[in-house]
Amino acid sequence: MSDLLGIGNSALLAYRQALDVTAHNIANANTPGYVRQRVELQARPGSAGGVLASTITRSSSEILNTRLHADNAAYSRLDRFNSLAARLDGILSDPDIGLSGPVQEFFTALNGVAANPTSLAARQVVLARAETLGARFAGIQDQLEAQSFDLNQQLRQSVAEINQYATSVAQLNQRIALAPSGGQPPNDLLDQRDQLVNDISNRVGLSTVRQSDGTLNLYLGSGQALVLGTQAHALGTAPDRYNGGGLDITYGGVTLTSQLSGGSIGGLLDYRREMLEPAFNQLGRLAAGLSESVNAQHTQGMDLDGASGAHFFAPITATGSAAAANAGSASVGIAIAIADAAQLGTDDFILSFNGASWTLAGQRSGQMLPLAGSGTAADPFTAGGIAITVSGAASTGDQFLLRPTHAAGGQLQLALTDPRQIAAAALPASGPAANSGDNANARALAALGNLGVLNGGQTSIGAGYTALVTQVGTQAQGAQLSRDAAAAIHAQTLGERDAGAGVNLDEEAADLLRWQQAYQAAAQLIATANTLFDSLLNATRR
Amino acid sequence: MSLRISTAMLHRQGVENMQRQQNLLAQTQSQISSGQRLRTAASSPSEWASAASLDRALAQLDNYRSNAATLSERLGYEDNALAGASEILARVRELAIQANGGAQGAAARAIIATELQGLRQDLLGIANTQDAESRYIFAGSLSAQPPFSFSGPGAAYDGDDTVRELDIAAQRSIADGDSGRAVFQSAGTQDVFATVQQLIDFSLAPNVTPAERTANQALFETALGELDLAQTHFSDLRGSIGSRLNAIEDAQLALAGNRQLAQEHLGELRDLDYAEATSRLALQQTLLQAAQLSYQRVQGLSLFDYLR
């Protein structure tokens with residue numbers, strides 16, 4: 001009978017625990033990262049009989065978790081890339097922001113001067129259109145710079161979040177390792193840790209290694225440990241080595257940018273490299289091509305006062321900067337000028353000194369470019385449409401970033417102030433004369449609209465802008481498709497994980513019913529034991 | 001055993017499904033409200049590029065079109081001026097022949113000479129014709145000042161030989177006029193003003209003695225020959241203007257044709273097919289409603305409802 005009581009009592013305890021677990025499941029049905037828990041019932045060993053809630057298991061699959069981390073990283077990368085690409089596509093495609101209309105209107109205005117070279121009204125229209133065009137260029141440049149700024153902010157924020165999560169993972173590792181062996185597994189701590197790892201994998205690609213003591217090590221792309229046991233290692237951000245405006249991700253003071261992939265950080269870095277930086281340079285190349293070709297033609301003509309044509313647009317200046325690590329940078333002067341806009345590419349350059357000579361390589365392509373000339377002011381190095389003058393003593397290993405057109409989009413400014421300064425006339429053989437009614441130079445200027453002035457003379461300004469928009473559009477379209485595919489895969493993996501780990505309320509309701517009935521039955525056992533005991537007492541009562 | 005479905009996943013799927021339908025609906029709605037098929041370049045990069053290059057072609061065609069109109073107007077001006085000059089020469093010829101008639105006395109010839117002087121002045125006025133911008137059309141590039149002024153028997157030309165051209169098609173430009181030198185100083189051996197002056201001199205010359213008559217006759221014949229050459233030159237020029245105007249008309253026809261083609265093509269690329277879009281909208285609405293309804297139904301199912 002004591003056995004009956006004991007058995008009943010064990011059942012009450014076990015089912016009470018089962019009910020608690022079911023309640024825990026129901027309560028956490030919507031908790032992110034929560035993994036469904038199950039009571040494992042076991043017959044109590046020994047002769048006494050009864051039931052034992054031996055353990056509470058967690059329906060988690062290591063394989064699915066690993067796959068989920070990879071899918072998180074892939075999906076987050078494409079999602080972030082896609083949203084940035086869509087924004088750039090939207091900006092460049094917008095007729096109120098884009099260059100297509102203003103470029104055409106500028107050349108139409110020049111054609112108007114060709115038709116009516118002495119009309120001040122027609123000349124005024126050209127100046128107004130040129131100003132509009134410059135403002136549009138600057139507007140797009142501003143948008144690109146705003147994206148660049150936002151991107152840096154997002155990198156900083158993602159890095160801060162990763163550091164915070166990594167610290168939490170390390171702390172959880174510590175608590176998990178301290179959990180008594182043989183006791184109940186620390187299920188809720190494991191859930192929290194998995195969720196944190198998911199959050200990190202949404203931000204950067206990682207790999208995990210589970211240790212025998214239950215701790216989880218996290219490694220970044222190429223093996224740098226983010227969490228090692230109970231120790232978290234922080235990521236940092238730092239200006240890139242040329243101080244070019246972009247941020248690098250650092251690990252222990254060393255740049256890690258090129259080794260990271262996946263996650264929102266991967267998306268940000270890929271977008272910057274594959275779309276944003278090329279967009280800057282392509283826009284700048286259009287500005288440089290326009291400015292250079294219009295100026296070259298304009299200075300061949302004669303204005304309404306009989307003077308030779310001045311510069312129509314203020315000249316574009318290329319930018320560059322020395323690597324922070326340069327030893328000789330203080331005494332080395334690098335001057336870059338755009339020598340031939342038609343030869344400009346869209347890559348930036350790295351100029352390096354190897355102790356004996358200078359070499360030039362594309363920053364993104366890595367391709368070496370042969371340098372013509374000797375680098376002096378009289379005979380500058382020329383390559384890729386730019387002229388480079390080097391002065392001072394460089395040290396071995398010194399490097400310089402040369403950006404021919406990165407800033408050019410913001411530099412297209414009208415230099416003329418008076419409509420009479422438009423050199424519509426060709427310079428007559430008989431010498432300059434004021435008030436000329438000739439239109440030959442205006443015609444030539446208007447014809448520049450359809451002339452190949454970029455890409456070695458292949459591409460006109462208008463076509464160049466279309467090429468930029470189309471390229472961005474193609475990348476954005478591809479990003480959208482890839483993102484959707486990654487979303488489907490991600491949802492699939494999430495579904496598989498949830499199939500094991502998710503809470504189904506109907507199932508829990510059924511369990512609730514089941515455990516409730518079992519609990520009631522166990523209570524009945526106690527009552528029965530009580531009745532039996534009473535009967536025995538009654539039988540022996542005198 | 002079938003796959004377990006977690007409640008949170010069921011909810012998530014339902015919401016995602018609705019969001020997807022709403023997204024598609026929003027895209028169609030934005031197409032319908034803008035009337036544009038292509039929202040951004042990413043909608044269809046290759047079609048976007050074609051449309052952009054058609055835009056550029058259209059802008060260029062519009063430039064050519066406006067140039068053609070300008071040319072027609074300018075050449076019309078010149079033709080008018082030349083027609084006036086031609087009439088003047090015809091009247092000069094008439095008067096000269098009248099003066100040459102045997103019956104004319106010195107007084108009558110003096111009256112003719114006066115009228116001829118007036119005509120010579122008129123001819124100078126035509127040579128100094130101004131356009132709507134107050135520029136002299138027969139001055140080449142030096143069009144701010146009157147190009148012609150009387151100098152001796154003829155006229156001095158202060159313009160130059162520049163001829164302005166305007167483009168009316170790729171690789172096709174047309175001169176919008178002719179230089180004054182080419183018009184008034186290129187026929188025969190002298191300028192047209194000198195020829196008229198010769199006839200004035202002829203009309204004023206004594207014409208009584210046989211020797212005078214013989215000399216005058218020679219002068220008359222030389223001058224009349226020059227006059228006829230000038231007249232022929234004017235009609236040649238008008239012929240050249242006529243053929244330029246024809247070329248412009250041809251170009252205008254071609255421009256209009258190309259313009260229409262480009263616009264039609266552009267319409268196909270950019271304009272929304274409303275019939276297709278509205279039926280798509282209806283379908284997407286139905287799908288969204290179905291998604292909403294099924295979400296509502298599925299979420300309404302719970303075993304807990306029966307545990308009372």
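Which residue forms a salt bridge with R420(A), and how far apart are the closest N and O atoms? The partner is D305(A), and the closest N and O atoms of the pair are 2.8 Å apart.

## Basis of the report

This is a predicted model, in which local features need pLDDT of at least 70 and side-chain atom pairs count only at pLDDT 80 or more, while totals for chains, interfaces and linings use all residues. Residues are numbered from 1 along each chain as its sequence is written, chains are lettered from A and ligands numbered from 1 in the order in which they are written, and side-chain values use heavy atoms, with hydrogens and water left out.

## Salt bridges within the chains

A salt bridge is taken here as a side-chain nitrogen of Lys or Arg within 4 Å of a carboxyl oxygen of Asp or Glu. Over all chains, the structure holds 38 salt bridges. Helices (H or I, at least four residues) and strands (E, at least two) are DSSP runs, numbered from the N terminus. R420(A) counts as partly exposed because its relative accessibility is 26%; D305(A), at 46%, is also partly exposed. For these classes, buried means under 20% relative accessible area, exposed over 50%, and partly exposed in between (1.4 Å probe, protein chains only).

Chain B contains a link between distant parts of the chain and a link within one helix. D55(B) forms a salt bridge with R270(B), the closest N and O atoms lying 2.7 Å apart. D55(B) is in helix 2 of chain B and R270(B) in helix 6 (residues 210-270), 215 residues apart. D55(B) has a relative accessible area of 24% and is therefore partly exposed. R91(B) and E94(B) meet in a salt bridge of 2.8 Å, N to O; both lie in helix 2 of chain B, 3 residues apart, about one turn of the helix. R91(B) is partly exposed at 28% relative accessibility, as is E94(B) at 47%.

## The interface of chain B and chain A

In the interface, 43 residues of chain B are in contact (heavy atoms within 4.5 Å) with 49 residues of chain A. The two chains bury about 3700 Å² between them, 51% of it on carbon and sulfur atoms; buried area is the accessible area (1.4 Å probe) that two parts lose on being put together, summed over both. In chain B, R4(B), R56(B) and F304(B) lose the most area to chain A, together 18% of what that side buries. R4(B) is also part of a network of salt bridges with R36(A), R38(A), E507(A), E508(A), D511(A) and R514(A).

The rule finds 3 salt bridges across the interface. D167(B) forms a salt bridge with R443(A), with the closest N and O atoms 3.1 Å apart. Helix 1 (7-34), helix 2 (45-100) and strand 3 (165-169) of chain B each supply at least two residues of the side that touches chain A, and helix 2 gives the largest share, 13 residues.

## A buried asparagine

N111(A) lies in helix 3 (residues 100-115) of chain A and counts as buried because its relative accessibility is 8%. Leaving aside neighbours within four places in sequence, N111(A) is in contact with A446(A), N63(B), S66(B) and N67(B).

## Nonpolar cores

A nonpolar core is a set of buried Ala, Val, Leu, Ile, Met, Phe, Trp, Tyr and Cys residues joined through side-chain atoms within 4.5 Å. The largest has 157 residues, and F106(A), L290(A) and F184(B) have the most contacts inside it. Helix 4 (residues 120-178) of chain A gives the most to this core, with 18 residues. Beyond four places in sequence, the contacts of L290(A) include F106(A), L133(A), F313(A) and I461(A). A second, separate core of 14 residues includes A11(A), L12(A), L19(A) and W515(A).
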